[in-house]
Amino acid sequence: MLTSSSDTAEKRGRFICLEGIEGVGKSTHLGAVVSHLRDRGIPVVSTREPGGTPLGEALRDLLLSSNFPPMHGDTELLLMFAARAEHLRHFILPALEAGTWVVSDRFTDATYAYQGGGRCIPVERIAILEEWVQGAVRPDLTILLDASVSTGLARAGKRGTADRFEQETVSFFERVRAVYLDRAYKAPHRYAVVDAEADLSQVKSALLARIDDLLLRQADSLP
Ligand code: Z5A
C-alpha cells in the first residue's frame with residue numbers, strides 16, 4: 001500500500017530530550033517520562049548522549065575519563081558528533097521511523113551549551129556539524145531542567161568521584177547554563193523550561209505536564 005507523506009508524518013515517533021547542567025535530575029526523571037508515555041499506549045524507548053550505541057558508549061567512556069592529558073576542545077566536539085552520528089543512524093532514526101517515541105538524556109543542545117558555552121567553541125562550527133550529522137532532524141520537544149549551578153553541583157557532588165566534566169569550574173557551568181537558557185528563550189515553541197530547584201515531586205509534576213502539552217498538540221494536529 002502506498003503511504004502518503006501525511007500518513008508517514010503522523011506515524012513517525014516523537015523525539016523528546018531532557019537537558020540541563022549536572023545534578024538537575026535528568027536521569028532521575030527519565031524513567032517517569034517513559035512510564036507516563038507507556039501508560040498512554042505510546043511505544044517509547046529511552047537513551048542517552050554521549051552513548052546509546054555500543055560505539056557511542058565506548059566514546060562516552062573516553063569523553064568522561066580523566067585518565068588522559070587534557071583533550072583539545074575540537075577533539076571533544078568531534079567525538080560528541082561522532083557518537084551522535086552512530087546514535088542517530090543506528091538507534092534514534094530507526095525508532096522514530098517505526099513510530100516509536102525516543103526520550104534522550106541530552107542531545108545537541110548539550111553540545112551548544114558545553115562545547116559552545118563551556119569551552120567557548122564558535123557556535124558556527126557546531127552548527128556546521130549539526131547540519132552535516134543531523135540534516136533537518138531536531139527534537140520535537142526539549143525539556144530544560146533548570147537549577148542554579150550551586151544546587152546542581154551540590155547534588156551531583158554527593159555521588160563521590162567526579163568525571164572529566166564534573167571537575168570543571170563554577171564559571172564553566174555558569175556559561176553552560178546561560179547558553180541553555182538563551183536557546184530556550186529564543187525558541188519557546190521547541191523548549192519547555194522546568195524549575196529544577198523545587199522538590200522532586202514538584203519537578204516531576206511540572207515535567208509531566210509539559211509532556212501532556214505535547215500530547216495535546218499532537219492530538220490537535222491529527223486530521
Ligand atoms: N556532554 C557534552 O559536553 N556535550 C554533549 O554534546 C553531550 C554531553 C551530549 C555526560 O552527561 C557529560 O557529557 C555531561 C555533559 C557532557 N557532563 N557532565 N558532567 P551525563 O548526562 O551523563 O552526566 P551528568 O549531567 O553529569 O548527569 P548527572 O550529574 O547525573 O545529572 P542529572 O542526570 O541531571 O541528575 P540526577 O542523577 O538525576 O540527580 C543527581 C542527584 O540529585 C540524585 O541524587 C538525585 O536524587 C538528586 N536530585 C535530583 N533532582 C532533585 C531535586 N529536585 N531535589 C532533590 N534532589 C534531587
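My entries below go helix by helix.

**Before starting.** I reminded myself that this is a predicted model.

**Entry 1: helix α9.** I began with α9, which runs over residues 200–221 and has 22 residues. I looked up its reach from first C-alpha to last and got 32 Å, close to the 32 Å expected at 1.5 Å a residue. Next I asked myself: which residues of α9 are buried? My list reads Val 203, Leu 207, Leu 208, Ile 211, Leu 214, Leu 215 and Gln 218. On the face turned away from the buried side, I found the exposed residues Leu 216 and Asp 220. Then I checked what the buried residues of α9 pack against, and noted β1 (15–19), α2 (26–39), β3 (101–105), β4 (141–146) and β5 (191–195).

**Entry 2: helix α6.** I moved on to α6, residues 123–134. Its 12 residues should span 16 Å at 1.5 Å a residue, and its end C-alpha atoms are 16 Å apart, which agrees. I wrote down Ile 126, Leu 129, Glu 130, Val 133 and Gln 134 as its buried residues. They cover an arc of only 105° around the axis, which puts them on the same side of α6. On the other side, Glu 124, Ile 128 and Trp 132 are exposed. The partners of the buried residues of α6 are α4 and α5 (108–118). Just after α6, I spotted Gly 135 with a positive phi of about 55°.

**Entry 3: helices α3 and α4.** Where do they meet? From α3 I listed Leu 55, Gly 56, Leu 59 and Leu 63, which meet Glu 76, Leu 79, Met 80, Ala 82, Ala 83 and Glu 86 in α4.

**Entry 4: Leu 78.** Last, I picked out Leu 78, found in helix α4. Is it buried, exposed or partly exposed? At 48% relative accessibility, Leu 78 counts as partly exposed. I also looked up Ser 148, which is 70 residues from Leu 78 in sequence and 28 Å away in space, C-alpha to C-alpha.

Notes: Residues are numbered from 1 along each chain as its sequence is written. This is a predicted model: local features need pLDDT of at least 70, side-chain atom pairs count only at pLDDT 80 or more; totals for chains, interfaces and linings use all residues. Side-chain values use heavy atoms; hydrogens and water are left out. Helices (H or I, at least four residues) and strands (E, at least two) are DSSP runs, numbered from the N terminus. The expected span of a helix is 1.5 Å times one less than its number of residues. Buried means under 20% relative accessible area, exposed over 50%, partly exposed in between (1.4 Å probe, protein chains only). Contact means heavy atoms within 4.5 Å. The arc is that of the directions from the helix axis to the C-beta atoms.
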